[in-house]
Amino acid sequence: MTVSTDPDAAAQAAAPVNGSAPDRTRRFGPLWLTAVLVFGLLVGAAGGILIPRLYGTPKDTSAEAGFLRDMSTHHAQAVEMAMIAHANSTDPAVVTLAGDIALTQHGQINYMQAWLRDWNLSPTGSEAPMAWMPDSAGAVQNGLMPGMATPEQLAKLRTAASPDLDIQFLTLMRQHHLGGIHMAQAILDQSDNKDVTWLAQTMVASQQGEITLIDDMLKKLQTK
């Protein structure tokens, strides 16, 4: 399996959720969404065998390896928050956005883990979180990378109900996306690996588009 680095492919993968969300209300049932995520995990495992080494293989302490490891952890929390909102929100637009985020970021985790396997690297490394990013002092607060929710915020989200759940989810995800964009832009300044830069560009484009949608959704919720 060869990962496309074509800009058009990146644009398609990064296509933001648009105003048609209500028309796609609850297209992701909990069981269906879980099945898709499991399938994606299996595809990612196969990708680790099939992706050829087209570029120089990054080393264990490289910026590329550090980024993929840290972003996999960062994405995993986004998937967790999205699954909570998808399962418990009563707002159709929030349910749809949460499903889109869960599927997109889970798929990107599969890419990142497949590349680490292809490079014969462990999914975890010896370096501290964010060590790959220049001037990263202070980027990790209480063990959390930029934009990540605290354990207390996650616990509160799990017990919330709409509309409070929706506002909490959108607010946390907005901050999470801002942190993710910061990390993706940082690797773009350091790496010339075409796969890694393609994925980072895709992350920036998709999450910027989702922030725009989140801002609109928050305005509507907060004026009700």
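**View 1. Gln77 in helix H3.** Gln77 lies in helix H3, where helices are DSSP runs of H or I with at least four residues, strands are E runs of at least two, and both are numbered from the N terminus. The model shown is predicted: local features require pLDDT of at least 70 and side-chain atom pairs count only at pLDDT 80 or more, whereas totals for chains, interfaces and linings use all residues. Residues are numbered from 1 along each chain as its sequence is written, and side-chain values use heavy atoms, with hydrogens and water left out. Gln77 has a relative accessible area of 7% and is therefore buried (buried, under 20% relative accessible area; exposed, over 50%; partly exposed, in between; 1.4 Å probe, protein chains only). Not counting residues up to four places away in sequence, Gln77 touches Met148, Ala149, Leu154 and His176; contact denotes heavy atoms within 4.5 Å.

**View 2. The largest nonpolar core.** This core comprises 56 residues, and those with the most contacts inside it are Phe67, Met81, Trp132, Phe169 and Leu170. A nonpolar core is a set of buried Ala, Val, Leu, Ile, Met, Phe, Trp, Tyr and Cys residues joined through side-chain atoms within 4.5 Å. Two or more residues each are given to the core by helices H3 (63-88), H4 (92-118), H5 (151-159), H6 (164-188) and H7 (194-222). H7 gives the most, with 12 residues.

**View 3. Phe67, Trp132 and the other aromatic pairs.** Three aromatic pairs are found in a search of the whole structure. Rings of Phe, Tyr and Trp (its six-membered ring) pair if their centres lie within 6.5 Å; planes under 30 degrees apart count as stacked, over 60 as edge-to-face and the rest as tilted. Phe67 and Trp132 form an edge-to-face pair, 5.5 Å centre to centre with 80° between the planes. This pair links distant parts of the chain, with Phe67 in helix H3 and Trp132 in the loop between H4 and H5, 65 residues apart. Both Phe67 and Trp132 are buried. Leaving aside neighbours within four places in sequence, the contacts of Phe67 include Met183, Ala184 and Ile187, as well as Val196, Ala200 and Met203. Elsewhere, ring pairs link Tyr111, Trp115 and Trp198 into a cluster.

**View 4. The crossing of H4 and H6.** The axes of H4 and H6 come within 11 Å and cross at roughly 35°; axes are lines fitted to C-alpha atoms, for helices over the stretch in contact, and angles run from 0 to 180 degrees between N-to-C directions. H4 passes H6 in a left-handed crossing, meaning that the near helix is turned anticlockwise from the far one by less than a right angle (right-handed if clockwise). Val94, Leu97, Ala98, Ile101 and Gln105 of H4 meet Asp166, Phe169, Leu170, Met173 and His177 of H6.

**View 5. Ser122 in the loop between H4 and H5.** Ser122 belongs to this loop and counts as partly exposed because its relative accessibility is 34%. Beyond neighbours within four places in sequence, Ser122 is in contact with Arg69 and Leu116. The C-alpha atoms of Ser122 and Ala65 are 9.2 Å apart, although the two residues are separated by 57 residues in sequence.

View 6. The mean pLDDT of the protein is 84, and 75% of its residues reach 70 or more; pLDDT is the predictor's confidence in each residue, from 0 to 100. Over residues 1-26 the pLDDT is below 50, and this stretch has 45 contacts in the model beyond near neighbours in sequence. Where pLDDT is low, the predicted coordinates should not be read in detail.
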